[in-house]
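Open the model in your viewer and keep the selection panel at hand.

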Amino acid sequence: MIYKKYTFTKESDFDKKIKGLKNYIAIPVTCIKTPAIIVDGKVVTEAVIDTNYNVDILWDNDEPSEFIPYQVYPKGIGQHIVAGWEDFYIVNKGKNK
Amino acid sequence: MGNAYDNASLIVTPNGYKASKIYALKPTDGSSDLSFSRASTALRRNSSGVWESVASNVPRLNYPIGGGCPSWLFEPQATNIFLNSNAPATQAVTVANATVYTISIRGIGVVTLSGAATGVITGTNSEGSSLTVTTSSTSLIVTVSGLSGTVYVQVETGSAATSPIITAGSAVTRLVDFPIGTMVQSTTGYTIFTNVKTLTGIGLGDRYVFDISNSSGRQGIFNFSQTNKCEFAIYLNSTFVNRITSINNIINGFNKVALTFNGSTYKLFLNGVLEGSVNAIGGYPNAYQLPQNFSDPNGNILQNYFEYYTTAISDTEAIALTT
């Protein structure tokens with residue numbers, strides 16, 4: 001399996017690309033652009049959520065070429081990871097970036 | 001009936017396993033061993049009561065607090081969005097509005113919720129305590145206090161607290177446990193018996209326990225219903241045929257359930273009681289999955305026995321088996 005991260009403008013864009021494909025595990029990721037501001041235990045400003053559709057995918061085999069333009073390489077492992085894939089992701093990120 | 005070991009064609013207990021495999025106690029030739037996959041690591045409670053990591057594709061034998069026999073732990077996919085979960089500190093967690101989340105603490109400490117939901121959860125041991133809430137905004141403030149020893153805090157979607165998922169600076173997903181077994185197909189009748197506990201407990205949604213099928217499609221789904229009944233939905237080649245529902249409620253613990261089918265009549269037994277029967281035509285399975293949890297957030301179970309017979313055992317035998 002290989003582990004990649006992608007960003008699409010809309011969920012429907014992702015749906016079109018993934019339709020008909022098999023042998024993958026896709027995990028949508030909520031990415032936070034700006035954290036909430038808390039003062040005295042109360043939320044004074046809600047977090048700002050990235051409006052893009054972010055998704056982590058484990059592919060059983062090679063990554064389909066049509067997904068390559070949507071790859072992203074966030075700092076470190078990003079805001080989400082699948083348990084046990086941290087080191088694999090970092091190593092392959094370095095190779096493929 | 002003799003004894004279960006002699007008469008059953010398939011017995012699976014919390015026993016032998018290796019990566020990608022759960023060994024059946026019977027038959028011993030390997031023909032009915034379960035295949036198993038989980039494309040992530042996961043935690044289990046070991047015989048010393050300590051949560052420990054299990055490698056990808058390795059089944060989890062989970063031990064109860066205080067010792068005793070383990071059970072298979074099968075869970076759906078879940079994501080912990082509480083950061084630094086085993087060195088917990090007060091933080092604001094970004095959640096989806098109007099969504100069901102379960103917040104849990106394992107170990108000694110107190111979690112107080114504010115913002116998107118309110119509540120107090122007191123943890124006293126590694127079994128943990130949890131609270132299920134529906135959010136009213138997008139920032140959930142999770143305040144932790146009184147921590148002692150090893151503590152895990154978890155915030156996840158759905159109505160059940162699943163096993164701990166350790167996070168650091170990012171959210172972490174544990175992927176679904178996916179056990180699939182094979183059975184010798186009988187076209188004259190069959191019996192299925194299982195001893196199972198859903199981690200969701202009682203009172204929360206449908207909890208799917210197992211799915212049986214063959215090459216023609218689904219032949220049945222066994223579940224605990226939203227009203228805490230035990231149900232078996234009968235299918236013939238993926239087409240719904242009928243449903244048999246228990247009179248009594250499931251208990252908040254391990255439930256002994258048997259289903260018999262003699263070719264024309266299904267009978268459902270729960271904890272030593274014949275709960276009901278229906279006349280219906282269904283398909284004869286030769287494969288099963290524990291639990292049936294393709295997209296079910298409540299498909300989390302502890303299972304410590306599964307038996308399959310190629311005949312419909314008698315009512316007396318089924319009552320004895322489930323008592």
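Select B:Asn57. Is this residue buried or exposed, or in between? B:Asn57 is partly exposed, because 18 other C-beta atoms lie within 10 Å. The cut-offs: a residue is buried with 20 or more other C-beta atoms within 10 Å of its own, exposed with 12 or fewer, and partly exposed in between; C-beta atoms are placed from the backbone. Its place is in the loop between β6 (51–54) and β7 (61–62) of chain B. Now check the backbone. Phi of B:Asn57 is near 65 degrees, a positive value in a residue other than glycine. Most residues other than glycine have a negative phi, and most peptide bonds are trans.

Some notes before moving on. This is a predicted model: local features need pLDDT of at least 70, side-chain atom pairs count only at pLDDT 80 or more, and totals for chains, interfaces and linings use all residues. Residues are numbered from 1 along each chain as its sequence is written, while chains are lettered from A and ligands numbered from 1 in the order in which they are written. Strands are DSSP runs (E, at least two residues), numbered from the N terminus.

Next, select B:Asn271. This residue sits in the loop between β23 (265–270) and β24 (273–279) of chain B. Phi of B:Asn271 is also positive, near 45 degrees. B:Asn271 is buried, because 21 other C-beta atoms lie within 10 Å.

Now go to B:Lys26 and B:Pro27. A cis peptide bond joins them, with omega about 0 degrees. B:Pro27 lies in the loop between β3 (21–22) and β4 (34–37) of chain B.

Then show both chains. Which strands make up the open sheet of three? The order is β8(A)-β15(B)-β9(B), with mixed pairing. Two strands pair if DSSP finds at least two bridges between them. β8 (80–82) of chain A and β9 (78–80) of chain B stand at the edges, each with a single partner strand, so one side of each has no neighbour in the sheet.

Zoom in on each pair. β8(A) and β15(B) run parallel, joined by three bridges. Here A:His80 stands opposite B:Ala171. β9(B) and β15 (171–174) of chain B run antiparallel, again with three bridges. There, B:Asn80 stands opposite B:Val172.

Last stop: the contact between the chains. It takes 23 residues from chain A and 20 residues from chain B. Residues are in contact if their C-beta atoms, placed from the backbone, lie within 7 Å. On the side of chain A that touches chain B, β8(A) gives the most, with three residues.

Note on methods: Helix = DSSP H or I, 4+ residues; strand = E, 2+ residues; numbered from the N terminus. Contact = placed C-beta atoms within 7 Å.
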